[in-house]
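Here is a note to read with the model open. The points are numbered so that you can check each one on screen.

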Amino acid sequence: INTDLAFLVLAQMIDKVKNRVKIIPYQESARSRKELLESRSEAVTRLIRNQITDYHVLWSQGSKMLAQFREWTEFLNIFGHDAGQKLFRRHMKKLRDDHLNKKLHQYMDKFARTLEYMLPEINAISTSDDDVWDGAKGYMRNHLEFDQYFFECPQASWQELVDMDETEDEARIPFDVLETPEAETVFRNFLNSVQQDKKKIG
């Protein structure tokens, strides 16, 4: 803070300039500097969000795309190249997480509908609280129409398949999605719903 000003004042003292630059207090300069940094960070964050919408974009590609914008150049001049790359990678991670969450939500919608078909009678599986979920997965894995609703890919996880766009034309659910907490929650909600319906009937 005020480092440029110190050298400017020193130069004016050496040259004996009468109308010297006004010395700005540290607190005021620090506040101005903080506001400048925040505004540049916000501007470049908006820029990246608007220009980079595909999380498959590499840093080498993205930095070239952003280089044509003044906001990006100003940010790099102030914060440096490493800070720009860090901000870019953070945005890429958010894009990927959002994409995976969206895909997982789609799978959960399909899974909820699949449960209604594959487990119309919850008595078909063990219903002790400890192993009911494992029992349900085993029951579905051995179901005659398993391949109609699920598929397995031992070579890659469902996240990796989504990353590689291998699931775009696949209407079925990757079976390892059932290892997620979200899938167990969908099942537990289904189980509670079936049990509540039984109580109403009984």
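1. A cut-off comes before anything else. A residue is buried when its relative accessible area is under 20%, exposed when over 50%, and partly exposed in between. Thr 167 comes out at 2% relative accessibility, so Thr 167 counts as buried. Keep in mind that this is a predicted model.

2. Where does Thr 167 sit? Its place is the loop between α8 (158-163) and β2 (173-174). Setting aside neighbours within four places in sequence, Thr 167 is in contact with Lys 103, Tyr 107, Phe 151, Leu 161 and Val 162.

3. Phe 151 belongs to strand β1 (residues 150-151). Its relative accessible area is 13%, so Phe 151 is buried. Again leaving out neighbours within four places in sequence, Phe 151 is in contact with Leu 161, Thr 167, Glu 170, Arg 172, Ile 173, Pro 174 and Phe 175. Arg 141 lies 10 residues from Phe 151 in sequence, and their C-alpha atoms are 10.0 Å apart in space.

4. Now the overall layout. The secondary structure amounts to nine helices and two strands. Starting at the N terminus, the order is α-α-α-α-α-α-α-β-α-β-α. The protein has 202 residues, and 31% of them count as buried. Take the contacts between residues at least 6 apart in sequence: 67% of these join residues at least 24 apart.

5. How does α4 pack on α5? Helix α4 (residues 70-79) and α5 pack at an angle of about 125°, and their axes are 7 Å apart. That angle is why α4 is called oblique to α5. From α4, the contact uses Trp 72, Phe 75, Leu 76 and Phe 79; from α5, it uses His 81, Ala 83, Gly 84 and Leu 87. By class, the residues of this contact are six nonpolar, two polar and no charged.

6. Helix α3 (residues 59-66) also meets α5. Their axes come within 11 Å and cross at roughly 110°. So α3 is roughly perpendicular to α5. On the α3 side, Trp 59, Gly 62 and Leu 66 make the contact; on the α5 side, His 81, Gly 84, Gln 85, Phe 88 and Arg 89 do. This contact of α3 with α5 divides into three nonpolar, four polar and one charged. Note that His 81 and Gly 84 of α5 are named both in the contact with α4 and in the contact with α3.

7. What is the crossing angle of α5 and α6? The axes of α5 and helix α6 (residues 132-141) cross at roughly 75° and come within 12 Å. That makes α5 roughly perpendicular to α6. Phe 111, Leu 115 and Met 118 in α5 meet Trp 133, Tyr 139 and Met 140 in α6. The class count for this contact is six nonpolar, no polar and no charged residues.

8. Leu 119 is 20 residues away from Tyr 139 in sequence, yet 8.8 Å separates the two in space, C-alpha to C-alpha.

9. Is Ala 112 buried or partly exposed? Ala 112 is part of helix α5. At 30% relative accessibility, Ala 112 counts as partly exposed. The C-alpha atoms of Ala 112 and Val 186 are separated by 6.4 Å, although the two residues are 74 apart along the chain.

10. Last, the largest pocket. Its space is about 190 Å³. Which residues line the largest pocket? They are Val 44, Thr 45, Ile 48, Arg 49, Leu 87, Arg 90, His 91, Lys 94, Leu 95 and Asp 98. Helices α2 (26-51) and α5 (81-118) each supply at least two residues of this lining. The most comes from α5, with six residues. By class, the lining has four nonpolar, two polar and four charged residues.

Technical notes:
Residues numbered from 1 in each chain as written. Predicted model: local features only at pLDDT ≥ 70, side-chain atom pairs only at ≥ 80, totals over all residues. Heavy atoms only, no water. 1 Å grid on protein atoms, 1.4 Å probe; cavity = no way out; pocket = protein on both sides within 12 Å on 5 of 7 lines; lining within 4 Å. Points joined across faces, edges and corners; volume = space filled by probe spheres on them. Helix = DSSP H or I, 4+ residues; strand = E, 2+ residues; numbered from the N terminus. Nonpolar A, V, L, I, M, F, W, Y, C, P; charged D, E, K, R; others polar. Axes fitted to C-alpha atoms, helices over the stretch in contact; angles between N-to-C directions. Parallel < 35°, antiparallel > 145°, perpendicular 65-115°, else oblique. Contact = heavy atoms within 4.5 Å. Buried < 20%, exposed > 50% of the residue type's maximum accessible area, 1.4 Å probe, protein only.
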